[in-house]
Every structure is written in C-alpha cells, then in structure tokens.
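User: I have a model open and would like to go through it piece by piece. Can you take my questions as they come?

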Amino acid sequence: MASKFTIHNGLESNDVNSPINATLGLEVGGLSVLSLSGTAWYVDAASTAGVGASGRTRDNAFTTIAAAVTAADAHDTIIVYPGTYAENVVIADNYITLVGAATGYGRPDLDPTTGVALTVNGQGFVCRRFRFVATAATHAVRQTGNGFDYADCVFDGDGGTTTGVLLKGSATDDSFTASEGVFRDCLFRGANRGLSFDTGDAPTNGVGCTHDVVDYCRFIDNTQDIITLDSGTGVYSVQDTLISGCQFLDKNKAVYIDFTTANGGAASDQTGSIADCFFATDAITTTNIAIVGTGFVVVGCYDTVGVQDGSGLD
C-alpha cells in the first residue's frame, strides 16, 4: 500500500516505491523528518525482496535495521515500517535519521533478545516514532554522541534492573558526552531508571552531559524516573539541563528525580532547571525530588494540590 510522501517545497509523491534523494524535508505518513538531505533507505520486517534487496524502495526493502545502517552514510535517513526487530543496532556515523513510518498506531519495535537495543556513538542523531525495549540488567538506548533529537518515542524496561535511556560519555573522546540533545513527547516506562545521566566511561578529565532538554515527556512505572549515576571519573553527571512540561504519573512515588549523585565532584556541580512539570503526589518534597545541595532550581511545578513553591526544594 502506498504512503504519501510530501517534500516541503510543495512537491508531492504518492509512490512509496520511488527512491528519494533531496536536500529537503520529508513527511512519512504524516510524520515530518526535517533532516533528510541524503539517501532514503527502507526497512520492512515483512519484506520479501530477499538477499539481494537494495533497500532503496519499499518493495525492495531490507528486513533488518542493521543492514540499512551498514548501507547508510552521514545525512541519510532510514525509514522503518512497523514490526518487531530483534536486533542490537549501533549508529556510528554522524547525522543519521531513524524514523518509524506512520501507519496508524503501529510503530517499529527494536526489541533484542539480549543486550542494548540501540547504541548511538555518532553526532546529530535524529529519531522519530520508535519503541525501544530494554532486556534484563541493561538499557534500551545508550546515547554517547551529542546533538541528538528523539521525538514521539517509547523507551520500555522490563520492570527489573533495566534503564530506558543511558546518557554516558565516551571512553576515548571527551568531546562525546551525550550533550546538547533533546527528548520531546517521549514515554519512559517500566524501567528501574527511566532516564540516567552518567559519566561512567568518560576519560579521567571527562565531563558529564550538558545543555540537554527533556520536554513534554511522560514517566510511568519506573522505580526512579530521572537520576544521575556515580560510576565514572567525571566531576559531574549533568549540567545546564532543562526538564520542562513533563508528567510524572506514578501516584505518591518515593523518588521521581534524584540529581544528588555527582561522581567525583560536589552535588552543587549538577545544574539546571525543572519547570512546569506535574508530579502525581500529594506533596512535592525534598525526598521525591532530591536536588538539595545541587545547582538545580524548581519553577512552576505542581502536584495534586496545585502549583508549589520550589524555593525550598533546592
């Protein structure tokens, strides 16, 4: 079945089998992909194209995301149709876009039997409309490259010791720190840790994640929703990060956010803002938002009672 592709200069093509090369935007089934400037590669778990598939059209699609990643170069877009992909995908090139083709509710599930579903070492990675699943004692996504952009994605744990997304610096290059990235309109669900900031693999003089934005995301059924970790050598885990418009939906949970762990530095080295967020608790306290001693501020957040004064939380 053909899907409508819209090139944002007004030109349209209804032929999903037409290869697209353009330094333009692309809309796939109503989902805007702004970074398409190279080649489009197609992945469909139900494809019958066989071993010789080119990946250049829907009818000639790869059956694995890994095959498309191998074929892709910087600035290429990989379009993945709904289905379950039991793979461990590693993005090493810069400026790769990974997008789930919109077919109603359906989205592609990257759900490996073991190991990390998605590891991103490249810079400028963009992802839209995907579901990533964590397997036992690991994480769904490990992000190292800077300038990432996730929107309308789901990060699922297994209810055990998993992490939805781990932001963690490179072991060999302290310019790769999972910084200046965005999570927007995403769901973090069912993990021990929904979103974790860590400098665990950073070099001795490494730093943590800076200038990240978590905007209008939902957190539910995680033991802890957003935390910092202490496994590395960096002075801080997170700085100048904005958490805004998010919903923390577990009723009266013990800990929603904990930024008090700072690796080799003081808690005050952790800095940022938590603004305009909802917490499903009868009282926001220094226990369920543990930022005392940090450089974080709480502004305009509300619980089940109403908007709360954040001045006593930091």
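This is a predicted model: local features need pLDDT of at least 70, side-chain atom pairs count only at pLDDT 80 or more; totals for chains, interfaces and linings use all residues.

User: How many bridges join β23 to β27?
Analyst: There are 2 bridges between β23 (residues 218-220) and β27 (residues 247-248), and the two strands run parallel. Arg218 has Gln247 in β27 as its bridge partner.

User: Where is Asp250, and is it buried or exposed?
Analyst: Asp250 is in the loop between β27 and β28 (257-258). Its relative accessible area is 14%, so it is buried; buried means under 20%, exposed over 50%, and partly exposed in between, with a 1.4 Å probe and protein chains only.

User: What does the side chain of Asp250 reach?
Analyst: It reaches the backbone nitrogen of Asp221, at 2.9 Å. Leaving aside neighbours within four places in sequence, Asp250 is in contact (heavy atoms within 4.5 Å) with several residues, including Phe219, Tyr256 and Ala280.

User: Changing topic: why is β17 described as largely enclosed?
Analyst: Because 6 of the 6 residues of β17 (residues 163-168) are buried, the strand is largely enclosed by the rest of the structure.

User: Which strands are joined to β17?
Analyst: β14 (residues 139-143) is joined to β17 by 4 bridges, and β20 (residues 193-198) by 5 bridges. Both of these pairings run parallel. Val165 has Leu195 in β20 as its bridge partner.

User: What stands opposite Thr163?
Analyst: His139, which lies in strand β14. His139 is buried, with a relative accessible area of 16%. Not counting residues up to four places away in sequence, His139 touches Val116, Ala117 and Leu166, among others.

User: Now rings. How many aromatic pairs are there?
Analyst: The structure holds 19 aromatic pairs. Rings of Phe, Tyr and Trp (its six-membered ring) pair if their centres lie within 6.5 Å; planes under 30 degrees apart count as stacked, over 60 as edge-to-face and the rest as tilted.

User: Why does the pair of Phe188 and Phe219 count as stacked?
Analyst: Their ring centres are 4.7 Å apart and their planes are at 10°, so the pair is stacked. Phe188 lies in β19 (residues 187-189) and Phe219 in β23, so the pair ties together parts that are 31 residues apart in sequence. Phe188 is buried at 0% relative accessible area, and Phe219 is also buried at 0%.

User: What about Tyr256 and Phe279?
Analyst: They form an edge-to-face pair, 5.4 Å centre to centre with 65° between the planes. Tyr256 is in the loop between β27 and β28 and Phe279 is in β30, 23 residues apart.

Methods
Residues are numbered from 1 along each chain as its sequence is written. Side-chain values use heavy atoms; hydrogens and water are left out. Two strands pair if DSSP finds at least two bridges between them. A polar contact is a pair of N or O atoms within 3.5 Å; within protein, one must be able to donate a hydrogen and the other to accept it, and residues adjacent in sequence count only if both atoms are side-chain atoms.
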